[in-house]
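Let's take a walk through this protein together, one piece at a time. Have a look at the picture first, then read on.

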Amino acid sequence: MHAVLRHILSDPESDKFRKIRVHNQQFRNRIGRFPPAVALLRSIGFVKGDYWVSAFQKEPCLEFLLPVDSDNPFSQRFVRAFSLIDELLQAPDEWLRTVAPAPPAVQSQWAERDSGDLDDLGGSQVPLRGDVGSREYLADLHERRVKDPRGFQEAMLAAGKRPNHTVVDVRMPAQQDSSISPADATALSTAASGSGSNVRYRSIADRFGGRRHFNLQDIEQVRVEEAIAGTPQYAREYQATKGPSRSYADVVDRSYDPQFLGRRALDETNIFRGQQNMPPLKWSQALSNIAEEHAQQMARGEMPFSHKGFNDRVQKYPFPYMSAAENLAYNGGVADTAKVAVDGWIKSPGHRRNLLGAFDLCGIGVARSSTGEFFFTQLFARTVGGSLC
C-alpha cells in the first residue's frame, strides 16, 4: 500500500502507477485479498476502470484520476493516508501498542516548596505523604512528641506549624431497648450515627483491638477505610441521569457511550485501589474533558498512540496541583472495553504505579475510531491537601 501511493506521489503524471490491475497476482497477494485495504483505496479516490492489455483485450483495474495536489477532498485524503502509513512504518512502536509506556509523574511548584526551618526537629524539609521516607519521618515526629509533648508543641509553634483539625466519627448507633418503640429507636440510631444513613461506625477499640496508644498512621488508616467504604459508583450514577432504556438498541448505545466508559474505567480503578487499601479517586469532569480531546485525536489518527503532548495537557489543569500522571490504552472487539483497559494497566508496572499513586482526582476520556477501536486517556492529579495517602 505504501509503495502504491508513494509511486503516484513521486511521478503523478505516469498512468503506469495510477492504474492497478486487480487480477495481478502480486496485488491480490499483498492488497487485494484484504477487503479493508481495498476499501481504503476506494475511500481515498481510486475508482473502477479498464486496463487495456492489448488493442483487443482489457481487464478491470483501480485507477486514480485526480491530481494529487488539488483541493479535492479525495486528493487531500490520499496525501493524508500516505502520511499516516509513512509515519507508521517509520515509528511502528509509537502506533502499534495497546498500552503506551507510562511516563513518570510530574510535580508542580507546589510540591517543590521548602517546608520551612525545622532544625529543632532534626530536619530541613517535610516529606510529602506517600513519598519515600514519609513513614520514617512521621514515626520520628511521633517519638519526639511522646518523649516531650510540651517541648514538641513549642518547637512546632516556633516553626509556624499549627495542628490539623481532624474529626473522626466513631460513634455506634444506639442499641435498641425493649422498652423503646421502633420509631423512637430509629430516631436514636439516626442521632447517634450523626447522619441519616445506616452506616455502622466502629469504635476505636473495635478497630485496633483495645489499644490505648494511637499515632497519626492509625488515624490516617481510619480515614482511608471510611473513604473506601463510601466509594461512589460513577458509571451507575451517570446511567441514572439518562433515565430508563426504551429498547435493546438504546441499552447497547449507552454501554458504548464514551462518558459512561470513562466512569466505568474509574470505577474499576477504584476497585483495584480499594483492594490495595488505597483511597478512591474522585471523578473530575475538567480532567475528563482534557483527556477526551487527546483520545479523540488518537482515534482520528491525528496523533500517534503515545504520551506526546502530556506536559501540554497537564498545563491545561484548571486548578493548582502537586503532581500529575497519565495512562493510555486502546482495544476493540471486547465486551467490557473499560475493564480490559484497566486490567492492562494493572499488569503493566508503570501504569500500575500510576493507578496506586498518591492522587485524589481522575478524569478519563474515551473516543471510538471509525474502525471500532476505543482509545482511553486517563489523567491523574494530586491537589493541594486533597490526597489521603
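A residue is called buried when its relative accessible area is under 20%, exposed when that is over 50%, and partly exposed in between, using a 1.4 Å probe and protein chains only. Keep in mind that this is a predicted model, in which local features need pLDDT of at least 70 and side-chain atom pairs count only at pLDDT 80 or more, while totals for chains, interfaces and linings use all residues. Residues are numbered from 1 along each chain as its sequence is written, and side-chain values use heavy atoms, leaving out hydrogens and water.

Helices (H or I, at least four residues) and strands (E, at least two) are DSSP runs, numbered from the N terminus.

How many salt bridges does the structure hold? There are ten. Another one joins the side chains of Arg 254 and Asp 250, at 3.5 Å from N to O. These two sit four residues apart in helix H13 (residues 248-255), so about one helical turn separates them. Arg 254 is buried, at 14% relative accessible area, whereas Asp 250 is partly exposed, at 21%.

Next, find helix H14 (residues 258-275). Its axis comes within 8 Å of the axis of helix H17 (residues 337-347), and the two cross at roughly 40 degrees. That makes H14 oblique to H17; angles under 35 degrees count as roughly parallel, over 145 as roughly antiparallel, 65 to 115 as roughly perpendicular, and the rest as oblique.

Glu 268 forms a salt bridge with Arg 264, their closest N and O atoms being 2.4 Å apart. Both are in H14, four residues apart, so about one helical turn lies between them. Glu 268 is buried, at 12% relative accessible area. Finally, Arg 264, Glu 268 and Asp 336 are linked in a network of salt bridges.

Notes
Axes fitted to C-alpha atoms, helices over the stretch in contact; angles between N-to-C directions. Salt bridge = Lys/Arg side-chain N within 4 Å of Asp/Glu carboxyl O.
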